[in-house]
Amino acid sequence: LSDASGRSVPAFTDLLLHDLGPGLAGSFPEGSALPAEWRTAPLWGLGAGVRRGDRFLHDARAATVDEAIRWHDGEAADARRRYLALAPDETARLLAYLEGL
C-alpha cells in the first residue's frame, strides 16, 4: 500500500476477504461478504491497541492477540496450526513483534 504522496505504507494486510470459518461467522451482513468472510485488518497500530486494552476480532471476543490468533479457522487454519506449533520462546518473540507494530 502507499499513502497519498506515493510513499510505501507497511500495512501488514492484503485487504482481501478471507473465510475464517464458522466459529468467526458474523450475524450481520458486511456488504457482499459471506458471514464467515472478513477483510484482513491492517496490523499497523496493533501495539497501541494492546496498550489501550482494546479487544480484537470483528466482535471483540478476543482479549489478547494470542486469543485472536487461536480463534482463526477456515483459510487461516494452517497459519493457526503453525502458530500453535511454535516453541514458547518463539511465540513470545512473535507476539512481542506484533504488539510492537
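1. In which segment is Leu 15 found? Leu 15 lies in the segment before strand E1 (17-19), where strands (E, at least two residues) and helices (H or I, at least four) are DSSP runs numbered from the N terminus. At 32% relative accessibility Leu 15 counts as partly exposed, since buried means under 20% relative accessible area, exposed over 50%, and partly exposed in between (1.4 Å probe, protein chains only).

2. This is a predicted model, in which local features need pLDDT of at least 70 and side-chain atom pairs count only at pLDDT 80 or more, while totals for chains, interfaces and linings use all residues. Residues are numbered from 1 along each chain as its sequence is written, and side-chain values use heavy atoms, with hydrogens and water left out.

3. The mean pLDDT (the predictor's confidence in each residue, from 0 to 100) of the protein is 87, with 96% of its residues at 70 or more.

4. The protein has four helices and two strands, which run β-β-α-α-α-α from the N terminus on. Of its 101 residues, 23% count as buried, and the C-alpha trace spans about 40 × 35 × 25 Å along its principal axes.

5. In helix H4, Thr 91, Leu 95 and Leu 98 are buried. Seen down the axis of H4, the buried residues fall within an arc of 60° (taken from the directions from the helix axis to the C-beta atoms), so they line one face of the helix.
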